[in-house]
Amino acid sequence: MGKIGFIGLGIMGRPMAKNLIKAGYELVVYDVAAAAADELCGCGAERGGSPADVAAKAGEIIITMLPNSPHVREVTIGANGLIYGVKKGQIVVDMSSISPIVSRELNAVLNEKGVEMIDAPVSGGQEKAEQGTLAIMAGGDAAAFEKARPVLEKMGATVTLVGGSGAGQTTKLVNQIIVGINISAVAEGMALAKKAGVDPRKVFEAIRRGLAGSQCLEDKAPRMFEARYNPGFRINLHIKDLWNVLETSRALNCSVPLSSQVIEMMIALANDGCESMDHGALGRYYEKLNNVSLKEN
Ligand code: NAD
């Protein structure tokens, strides 16, 4: 299959690319921050000079793991973008979390060159990226997806094709809506317990096996009780994802009142210096709102 192209070697991209090298694949890599590629080049990856150069040197698969829609657009169709180096039959697998609208737009542009784009965002942070146990949710052409699947399986524990182009990004937005609202609900409930003079930890123990139980409750309530807000998943990334929710929902005329509320809370937290904290810091928002502390003594 030739070398795998890999563009975007940040917190997530670096360990994901390393897992591909460990699995025996050869890589050609590029990051706008040259230093980000050093570690991979030290592990045997070839350094590409630009996205176009990576596309020209890569075999069938080119992976991108970039911050947001503008970065993926720039790398795909900007100056020296992938579009200027791709060959018919190549598959671009964008694993960044971006707008599904932009994802579909870029797929259409690449299709004109005989190239398919699979959108394949991930759930799970740096740790799961290192372990190769991410949850990967994909959209795009089914035949192209099947060709990319063995590579994706080296980075993820679950790899699911959800539908056509953009369906993976839409799934990621659904994930971020449910997680953001769930954490807010945990914080709101625990703030009420505290105000009422009822021990939030005991409330947690009492309800965790019932219908209110969730992975968010399990992970985030103890963080709130311990004021343990090291990321995890950073507030500023969740704000970015919720902006993509709002943009997408506007385009679909879909009403998302709870997401709109949660992004306001997260923006307020970011303005209060919490932008790099874990999104469990929604607990802090409710602490300020109610002048209580969820932290145990
Ligand atoms: P990051 O900021 O650590 O890494 C992004 C990398 O892209 C950086 O090295 C940056 O230099 C590079 N880059 C930016 N613009 C570029 C360009 N034009 N050309 C080439 N390289 C460019 O971000 P991350 O935490 O690795 O996240 C990547 C994506 O994964 C985001 O969409 C994020 O929402 C998503 N995600 C992150 C996590 C997490 O916990 N960090 C979890 C799930 C999903």
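**Entry 1: the model.** I noted that this is a predicted model.

**Entry 2: domains.** I looked up how the chain is divided. Domain 1 covers 4-164, and domain 2 covers 171-290. I checked the centres, taken over C-alpha atoms, and found 30 Å between those of domain 1 and domain 2. Then I looked at the contact. On one side, 14 residues of domain 1 take part, and they meet 11 residues of domain 2.

**Entry 3: helix 8 and helix 11.** I read that two packed helices are described by the angle and the distance between their axes. I looked up both for helix 8 (residues 167-195) and helix 11 (residues 235-252). Their axes come within 10 Å and cross at roughly 115°. I recorded the crossing of this pair as left-handed. Which residues make the contact? Helix 8 brings Lys172, Leu173, Gln176, Ile177, Val179 and Gly180. Helix 11 brings His238, Asp241, Leu242, Asn244, Val245 and Thr248. I sorted the contact by class and got five nonpolar, five polar and two charged residues.

**Entry 4: helix 13.** I moved to helix 13 (residues 282-290) and asked which of its residues are buried. I found Leu282, Gly283, Tyr286 and Glu287. These residues cover an arc of only 150° around the axis, so they lie on the same side of helix 13. What do the buried residues of helix 13 pack against? I listed helix 8, helix 10 (215-226) and helix 12 (257-274). Last, I checked what comes just after helix 13. There Asn291 takes a positive phi of about 50°.

Note on methods. Residues are numbered from 1 along each chain as its sequence is written. This is a predicted model: local features need pLDDT of at least 70, side-chain atom pairs count only at pLDDT 80 or more; totals for chains, interfaces and linings use all residues. Side-chain values use heavy atoms; hydrogens and water are left out. Axes are lines fitted to C-alpha atoms, for helices over the stretch in contact, and angles run from 0 to 180 degrees between N-to-C directions. Helices (H or I, at least four residues) and strands (E, at least two) are DSSP runs, numbered from the N terminus. A crossing is left-handed if the near helix is turned anticlockwise from the far one by less than a right angle, and right-handed if clockwise. Contact means heavy atoms within 4.5 Å. Ala, Val, Leu, Ile, Met, Phe, Trp, Tyr, Cys and Pro count as nonpolar, Asp, Glu, Lys and Arg as charged, and the others, Gly among them, as polar. Buried means under 20% relative accessible area, exposed over 50%, partly exposed in between (1.4 Å probe, protein chains only). The arc is that of the directions from the helix axis to the C-beta atoms. Domain bounds come from an automatic or database domain assignment.
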